[in-house]
2 protein chains.
Amino acid sequence: MRVLGIDPGLTRCGVGIVDVRRDRTATLVHVGVVRSPVDASVAERLAIIAAGIRVVLEEHRPEVVAVERVFAQQNRSTVMGTAQAAGVALLLAAEAGLPTATHTPSEVKAAITGYGSADKLQVQTMVARVLRLEELPRPADAADALALALCHAWRGAPAEAAADAALTPAQRAWAEAEKRTRNRGALAR
Amino acid sequence: MRVLGIDPGLTRCGVGIVDVRRDRTATLVHVGVVRSPVDASVAERLAIIAAGIRVVLEEHRPEVVAVERVFAQQNRSTVMGTAQAAGVALLLAAEAGLPTATHTPSEVKAAITGYGSADKLQVQTMVARVLRLEELPRPADAADALALALCHAWRGAPAEAAADAALTPAQRAWAEAEKRTRNRGALAR
């Protein structure tokens with residue numbers, strides 16, 4: 001299975017592709033970071049990110065796209081740009097006819113290192129070991145994109161209940177509120 | 001000037017186009033709501049929204065696109081989907097070669113009704129009056145999209161300082177944190 005992992009961001013958007021066999025061994029296909037200039041408009045930055053992701057989709061033809069799940073209560077000032085970049089990544093995957101999945105950072109860390117609060121160096125080290133790389137993948141966004149792709153291949157697209165079990169209590173409350181909103185929407189139609 | 005206003009959302013994305021003359025009088029060109037099914041994946045929903053916005057761009061050829069500015073501290077469970085839909089709207093405008101602008105809901109209300117905390121009915125009523133419509137534009141998302149387009153034409157693309165002056169204190173703190181992040185990003189390059 002060829003998986004594209006995307007660690008979304010406006011300034012640096014990590015993209016990593018791995019081939020994962022049935023025995024869970026994996027090889028690196030591509031890794032990189034799409035950057036956009038901080039002095040451009042958000043719209044221009046999203047177009048630059050989109051162009052970079054399209055090149056990767058066309059050159060490497062992944063079968064599935066995994067994108068990091070962004071939560072609003074990650075109360076960083078960059079969270080809206082990250083959400084917008086994630087939306088663009090999901091859009092491009094859908095327009096390419098590919099299935100998509102989202103995984104939280106703690107799901108990814110747990111899948112790669114066995115520990116949901118692992119630090120960046122631990123993730124980079126395990127990604128390098130799994131993919132038999134001679135150097136740590138850098139920057140961290142690139143390593144995170146590869147970790148996301150590996151996580152997706154190993155976990156599969158999580159059933160909603162299983163995915164929710166891996167959430168922190170705050171994330172679970174959020175996911176449940178989202179679900180209630182979706183259900184209300186369904187009733188309103 | 002022909003302006004497309006977009007009130008972003010996954011379930012209902014309002015799109016409204018107005019022609020505004022130099023004397024500030026305006027006429028309705030198009031108004032509608034792009035809907036996506038709540039039981040589809042976020043990626044599929046974004047692709048449906050994108051397809052609807054592309055049709056409007058191609059049919060009506062606006063000269064500028066104004067999108068409602070989404071803040072993370074609007075702590076509703078739908079905020080991430082709204083941010084992703086806004087990102088898609090900005091992307092499509094940039095890919096069509098059009099300039100973009102974002103305006104906050106209170107900027108829009110102030111521009112249309114003279115009152116930044118106006119309710120939905122006041123906005124709908126003023127939009128109908130300005131555009132000489134026989135009925136109130138419905139649903140509210142459609143009226144909001146028209147209000148956004150009128151606001152943009154009347155205010156012009158706000159200089160950053162002027163735009164910040166229209167923010168609430170919480171929004172201003174947020175915008176300043178975003179700016180600091182951008183500046184740090186610029187130094188890090």
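Good morning, colleagues. Please bear in mind throughout that this is a predicted model. Chain A contains seven helices and five strands. Read from the N terminus, its elements follow the order β-β-β-α-β-α-β-α-α-α-α-α. Of its 189 residues, 52% count as buried. Among the contacts with a sequence separation of 6 or more, 60% are made by residues 24 or more positions apart.

Let me begin with the sheet. The five strands of chain A form an open sheet in the order 3-2-1-4-5, and the pairing is mixed. Strand 3, residues 26-35, and strand 5, residues 100-103, stand at the edges; each has a single partner strand, so one side of each is left without a neighbour in the sheet. On average, neighbouring strands are turned by 20° against each other, direction ignored.

Strand 1 and strand 4 pair in the parallel sense over four bridges, and A:Val3 stands opposite A:Val64 in strand 4. Four bridges also join strand 4 to strand 5, and these two strands run parallel.

How many of its five residues are buried? Five of the five are, and the strand is mostly covered. In a regular strand the side chains alternate between the two faces of the sheet. In strand 4 of chain A, A:Val64, A:Ala66 and A:Glu68 point one way, A:Val65 and A:Val67 point the other way, and all are buried.

This brings me to A:Glu68, which lies in strand 4. The unreviewed UniProt entry lists A:Glu68 under "binding site". Is this residue buried or exposed in the model? A:Glu68 has a relative accessible area of 17%, and because buried means under 20%, A:Glu68 is classed as buried. Its bridge partner in strand 5 is A:His103. Leaving aside residues up to four places away in sequence, A:Glu68 touches A:Ile6, A:Asp7, A:Pro8, A:His103, A:Pro105 and A:Leu148.

Finally, I turn to a pair of helices. The axes of helix 1, residues 42-60, and helix 2, residues 79-95, come within 10 Å and cross at roughly 40°. The crossing of these two helices is right-handed. Helix 1 contributes A:Val42, A:Leu46, A:Ala50, A:Ile53, A:Arg54 and A:Leu57 to the contact, while helix 2 contributes A:Gln84, A:Ala85, A:Val88, A:Ala89 and A:Leu92. By class, this contact has nine nonpolar, one polar and one charged residues.

A:Ala96 is partly exposed, with a relative accessible area of 45%. A:Ala96 and A:Leu57 are 39 residues apart in sequence, and 8.1 Å apart in space from C-alpha to C-alpha.

Thank you for your attention.

Terms used. Residues numbered from 1 in each chain as written. Chains lettered and ligands numbered in written order. Predicted model: local features only at pLDDT ≥ 70, side-chain atom pairs only at ≥ 80, totals over all residues. Heavy atoms only, no water. Pairing = 2+ DSSP bridges. Axes fitted to C-alpha atoms, helices over the stretch in contact; angles between N-to-C directions. Left-handed = near helix turned anticlockwise from the far one by under 90°. Contact = heavy atoms within 4.5 Å. Nonpolar A, V, L, I, M, F, W, Y, C, P; charged D, E, K, R; others polar. UniProt positions renumbered as here; feature names shortened; annotations may be inferred. Buried < 20%, exposed > 50% of the residue type's maximum accessible area, 1.4 Å probe, protein only.
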